[in-house]
Amino acid sequence: MLRPPLRRGTRNDVKQLFQQARSVSALSLFILLSLFAIVRAQAPSDSTAQVITPASVTGLTAIDTDNDHGHSITVKWTPSTDDGGGANTVLGYRVMRSRSPDGPFDDTVGMVPLGSTKYENSSSIEEGAEGFIPDYTDFYYRVDALTGDPAVFSTTEITGPVHSFGQWFNKGLIPVLFAVIIFTALTVVFVSAAKKGKELYVRPLAGIEAVDDAIGRATEMGRPILYVFGLGTASDIATIASFTILSRVAKRVAEYQTTLIVPCYDPIVMAVAQDIVKTSYMDAGRPNDYKEDAVHFITQAQFAYVGAVNGIMIRELPATNIYMGKFYAESLMLAETGVVSGSIQIAGTDEIAQIPFFVVACDYTLIGEELFAASAYLGREPLLLGSLKAQDYAKAAVLVLALFGILAVNFAADLEMDWLVGFKELFKVID
Amino acid sequence: MNLFERFMKLDRRWIYLFLMAVCLLAYYSDFTVPTIQEKETGAIYNFIDSLPAGEVIFVAIDYDPSSQAELHPMTYAIMEHAFRKNLKVVFTALSQNGPGMADQAIHDIADSMRMEQTYNGVTFPEREIVNGVDYCFLGYKPYYALVITAMGQDFRTPFPSDYYGTPLDSLPLMKNVHNYDDISILVDVSSGNITDAWISYGQGKFDFPLALGLTGVMTAQYYPFLQSGQVMGIMGGLLGAAQYEDMADNPGLAKDGMRVQLLAHMVIILFILIGNIGYFAGRKNLKKV
Amino acid sequence: MYKFAEHLFVGVSAGYFVIILWHNGLVTNLYGRLADGHIYFLWLDSAKWWYIFPAILGIMMFTRFSRKWSWVSRWPVALYIGIATGLSIPLEMANRVNRQLYAMMEPINWGGFIGNGWLDMGSGYSDIIIFVGTVSALIYFYFSKAHTGVFGSAAKLGIWTLMIGFGASFGFTVMARISLLINRIQFLDNNWKRNSFDFDNENFSAGYPVLFWLIILVFVIYAVSEFRKYLKNKGSAPVKSA
Amino acid sequence: MRRQLPFFFVFLFGTFMVIQYFVPHEISERAKEFLLDWIIIIGIFALALGIWSLIHVSVDKINKRKPNWEYAFVTLVGLVAMIFFGFTANISVSWWTYFAALIVLLISLWLLVQGILGVGAGATRSKEKFFAGIGLALVFTLIAIFDKSWAFHFYTPEGLENSMFKHFFSDIMVPLQSTMFALLAFFISSASYRAFRARNLLATLLLIAALIVMLRFTPGPWGDLISKTSTWVMNVPNLAAQRAIVIGIGLGMVATALKVILGIERGYMGKG
């Protein structure tokens with residue numbers, strides 16, 4: 001699970017790659033077409049005597065693609081009768097476009113294999129990008145049914161005019177909108193209930209309770225505490241949850257006057273962590289004990305970072321290692337080295353592939369969601385506990401809906417409850 | 001201090017050293033790992049093995065260097081088996097970086113064919129495999145779905161000439177080979193979704209025997225096609241390749257890898273067992289006290 | 001020597017990312033957008049003048065060095081976190097909750113309930129095990145309810161499912177990790193053959209093998225020294241007898 | 001005001017991004033792109049803070065002669081050399097100018113950093129060091145401006161093609177990286193040796209599942225059975241476990257993000 005080394009550049013790279021791919025594919029399309037033509041030229045002449053043009057495509061329509069940013073038109077059709085049946089000669093379809101109904105239709109926008117019934121002619125929103133489709137500009141489309149012989153194809157009636165435009169709401173995301181609204185409402189309700197002083201029960205979590213003991217242990221042994229954020233940046237929610245945990249830990253550390261070491265992978269995480277630790281020391285009334293170098297940056301290369309943190313572990317022999325945040329392949333390296341240096345280890349991550357390694361190698365592991373609950377547990381503030389309650393109710397909703405859904409999917413048709421058959425589709429998210 | 005307790009306190013560096021030594025030993029040594037022979041791989045081997053000399057098989061090399069470690073051994077095993085049986089091979093590379101892979105494979109196999117070898121008790125003399133006579137590399141074209149359907153009409157439609165620029169008609173091998181009807185089996189060695197196109201556009205429309213060579217992770221997804229009969233055999237990951245090499249009695253890359261894998265796994269399992277025995281023995285001692 | 005490699009690695013990689021981010025990030029994403037080939041006064045009349053805002057925000061980060069103005073450096077951090085959290089709410093809801101919920105509602109294969117042979121994953125009972133396992137594992141994650149009674153046994157089933165899953169994926173990863181080792185051995189093997197002795201090879205470069213073998217040497221020496229240290233400690237430390 | 005404004009920003013931009021997700025229109029697309037550029041640019045500026053921190057820690061180590069202080073030099077040299085090569089074009093003719101330039105740069109930077117850090121610590125002659133550093137850096141810059149062979153390239157990526165830059169990358173970073181990655185095989189073996197003990201029911205389940213999956217490599221009459229079982233374990237109980245964790249994490253993430261946007265959770269600003 002090597003993390004891609006450069007996250008920040010990727011979006012541009014992808015865009016570039018995409019553009020390259022477009023030009024490459026346009027070029028190869030041209031080559032393919034000319035190859036068809038060459039073969040055609042080389043073909044023995046007797047075959048031309050019995051040219052059978054395939055049945056043409058019917059029911060051609062072109063409309064603006066729904067739920068998008070515009071610059072896209074969807075062409076739909078009913079396949080030719082010779083597609084997989086009849087004379088069985090159709091190999092694929094070619095979508096042609098023109099600015100005017102009289103043609104010329106020389107703009108091949110796409111080719112799709114047999115059996116296809118639609119094609120989405122879309123472009124990026126950048127003007128000047130390859131194949132850019134301006135919004136509110138009329139286009140006309142034609143679809144050709146192709147055979148193995150490039151000169152033998154049948155064309156359709158022309159459809160159009162059609163123009164593309166952007167929408168203001170993506171209907172495919174309605175389930176997500178509902179989920180977000182309901183969850184926000186739940187959170188607000190329980191948080192305000194908690195504000196009014198309603199007692200909320202939370203079950204104990206071993207990993208959280210270990211944090212306090214671990215800090216005490218470090219104080220007794222006179223050894224430092226190592227807090228690792230992993231490879232997350234400040235834009236990962238796991239890291240943001242980890243910030244809150246650090247603020248609780250740092251406060252205790254400041255009270256007990258233990259040393260805290262926080263090696264960072266991301267500079268913004270470092271900046272935020274410095275603020276947190278500084279404030280915690282100030283709140284504990286010991287601003288002079290705060291050392292800026294306690295929270296320091298190492299490097300943004302995965303294995304160099306791991307090497308450096310392992311070096312710290314071996315040299316400083318921390319009493320406790322706390323790993324909270326996003327971890328990749330380095331999880332096991334850190335945890336195993338921590339065992340060598342004889343530390344108590346507490347870990348929590350939302351990276352599913354790495355949870356098994358922490359479970360195996362660490363003393364306590366916060367599995368997935370428990371990491372996000374940890375800040376509320378450590379703070380014991382009613383406001384934060386209120387949102388835990390909201391999380392639980394959301395889980396209950398998921399369970400009930402899933403149970404209902406699986407019953408509907410399996411039995412609604414047999415029980416002739418037609419209104420239930422489509423229940424599952426209510427939850428479908430379409431991008 | 002009894003033996004178990006000593007094991008319980010074993011320093012991890014001994015484990016590392018032991019594992020490294022075992023891996024190196026396995027890599028450089030020459031023993032063979034017996035593999036179980038699953039029927040999914042056996043079906044492919046038996047089919048190719050039963051073909052008479054001169055028949056044509058088709059190998060689609062649809063993977064990139066990133067999955068080379070798992071899939072290269074399959075290509076090598078099948079192609080070498082085919083050449084030793086005097087079968088002809090036509091192959092394509094429909095993934096973008098596939099041609100490099102195919103090129104490398106054919107060079108290595110040609111080298112290996114220059115040596116006399118004995119497989120399953122039969123000695124094959126050394127011979128030179130010739131482009132255009134023993135094999136034909138069609139090359140790469142984009143739009144794999146279209147290419148696959150077009151090849152159903154004639155291989156010449158998408159590939160008028162081969163990868164090296166020679167027109168197909170001038171190649172002796174391709175004289176009588178026009179489309180899927182003229183090949184005995186198609187083996188798709190793939191790491192991506194091109195497999196789906198071979199199943200639906202290729203096998204689904206033109207109905208030829210289709211065998212798959214897949215990466216370990218993908219294998220489970222394609223078992224339904226095996227049950228429905230669309231696919232006649234599947235090789236899954238390094239394990240599948242090793243099984244094929246075993247059946248062909250031609251230990252190669254996969255068996256090399258398997259030796260290390262097997263011994264490393266054995267070492268780890270052994271350590272786990274020792275750890276547990278030590279743990280239980282220690283607990284028993286505690287109870288006595 | 002391990003320390004040497006470790007520190008060198010840190011320095012070189014940090015410098016590497018400075019350069020990469022400068023050339024591929026700052027120049028393309030900021031300078032490239034502002035400067036479209038002309039020189040402007042403070043770029044305020046540039047074609048994309050609004051890109052001056054993130055630049056100002058970036059510079060705000062440096063107010064951390066001043067005691068008086070350090071509160072300003074919280075603004076860019078606040079924006080950063082605001083954008084990141086806002087982005088993730090609907091995205092995670094869609095990908096992790098809605099889609100998984102949709103995937104849970106699968107028809108059960110009643111026809112092939114027993115399945116085909118030993119432990120068939122397409123069988124009906126497997127479908128039921130998946131569903132029950134997911135539900136009970138979700139119940140395990142309940143925070144505001146004590147794990148007692150029926151609820152407790154469901155949670156217990158949940159943690160069992162989780163543990164089996166963890167064990168399986170651990171076991172599966174062993175193969176991938178050993179493959180890495182094999183790759184490494186093969187690579188070293190080939191390099192040894194190709195780069196150390198094959199001076200006629202056109203790819204041979206004088207600098208490469210030296211540096212490369214230096215690094216290998218570092219690791220070997222480290223391993224040996226650690227072993228010596230270990231053996232020494234073993235002799236000196238009092239061995240407890242049973 | 002000073003304390004409240006950041007939280008208002010978080011709320012404002014957070015809410016905007018949530019709404020943006022549901023609006024596919026071109027304008028919202030462009031706004032998102034612009035805001036994501038902000039994140040990138042802020043991150044790059046912040047890297048300077050990170051590098052400053054790295055230098056600060058290293059120099060501090062050397063000044064105070066902490067254990068292993070010698071190695072801090074290695075880090076600093078690696079860092080400066082890499083940055084230097086990354087901004088200079090490939091000058092294959094005169095290698096010695098390279099190293100001369102690098103050494104001058106190192107010394108001037110060293111004096112500068114010592115000068116700056118020394119002022120705070122009250123060390124002697126820190127001012128002299130500081131000015132000497134500035135002087136050297138000035139000389140260096142002047143030569144760099146007027147001598148073409150030392151030319152810097154800040155706005156064109158010629159430095160990425162610099163052969164020393166490439167060598168450092170491919171001969172130090174890449175091999176170290178892959179060696180570290182390969183070491184995982186050892187870590188996984190020792191972890192399984194130490195941790196897979198049948199201590200209780202949960203540990204036993206973990207152990208058995210891992211053993212079954214690992215045993216699929218071993219040949220024998222049980223091979224077929226084991227390989228089927230391991231496929232089943234991977235695709236049935238493992239799938240259930242993963243799905244539950246994914247849903248849990250999703251809800252946890254959304255809850256945390258909501259708390260941040262609504263200002264309930266303020267730990268990330270040092271208040272908690």
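**Exercise 1.** Which domains does the domain assignment of chain D give?

*Solution.* In this predicted model, the assignment divides chain D into domain 1, spanning 1-67, and domain 2, spanning 68-195. Turning next to the contact between them, 10 residues come from domain 1 of chain D and 10 residues from domain 2 of chain D. Sorted by class, the side of domain 1 of chain D that touches domain 2 of chain D holds five nonpolar, two polar and three charged residues.

**Exercise 2.** Describe the secondary structure of chain D, and then its burial and its contacts in sequence terms.

*Solution.* Counting elements gives nine helices and zero strands for chain D, and reading from the N terminus on, the order is α-α-α-α-α-α-α-α-α. For burial, where the cut-off is 20 or more other C-beta atoms within 10 Å of a residue's own, 47% of the 272 residues of chain D count as buried. Finally, when contacts in chain D are limited to residues at least 6 apart in sequence, 50% of them join residues at least 24 apart.

**Exercise 3.** Work out how many residues of chain C and chain D are in contact, and which elements of chain C take part.

*Solution.* The contact joins 91 residues of chain C with 97 residues of chain D. On the chain C side, the elements that give two or more residues are α1 (2-35), α2 (52-60), α3 (74-104), α4 (124-140), α5 (149-197) and α6 (207-236) of chain C, and the largest share, 23 residues, comes from α1(C). By class, this side of chain C divides into 61 nonpolar, 23 polar and seven charged residues.

Conventions:
Residues are numbered from 1 along each chain as its sequence is written. Chains are lettered from A and ligands numbered from 1 in the order in which they are written. This is a predicted model: local features need pLDDT of at least 70, side-chain atom pairs count only at pLDDT 80 or more; totals for chains, interfaces and linings use all residues. Helices (H or I, at least four residues) and strands (E, at least two) are DSSP runs, numbered from the N terminus. A residue is buried if 20 or more other C-beta atoms lie within 10 Å of its own, exposed if 12 or fewer, and partly exposed in between; C-beta atoms are placed from the backbone. Two residues are in contact if their C-beta atoms, placed from the backbone, lie within 7 Å. Domain bounds come from an automatic or database domain assignment. Ala, Val, Leu, Ile, Met, Phe, Trp, Tyr, Cys and Pro count as nonpolar, Asp, Glu, Lys and Arg as charged, and the others, Gly among them, as polar.
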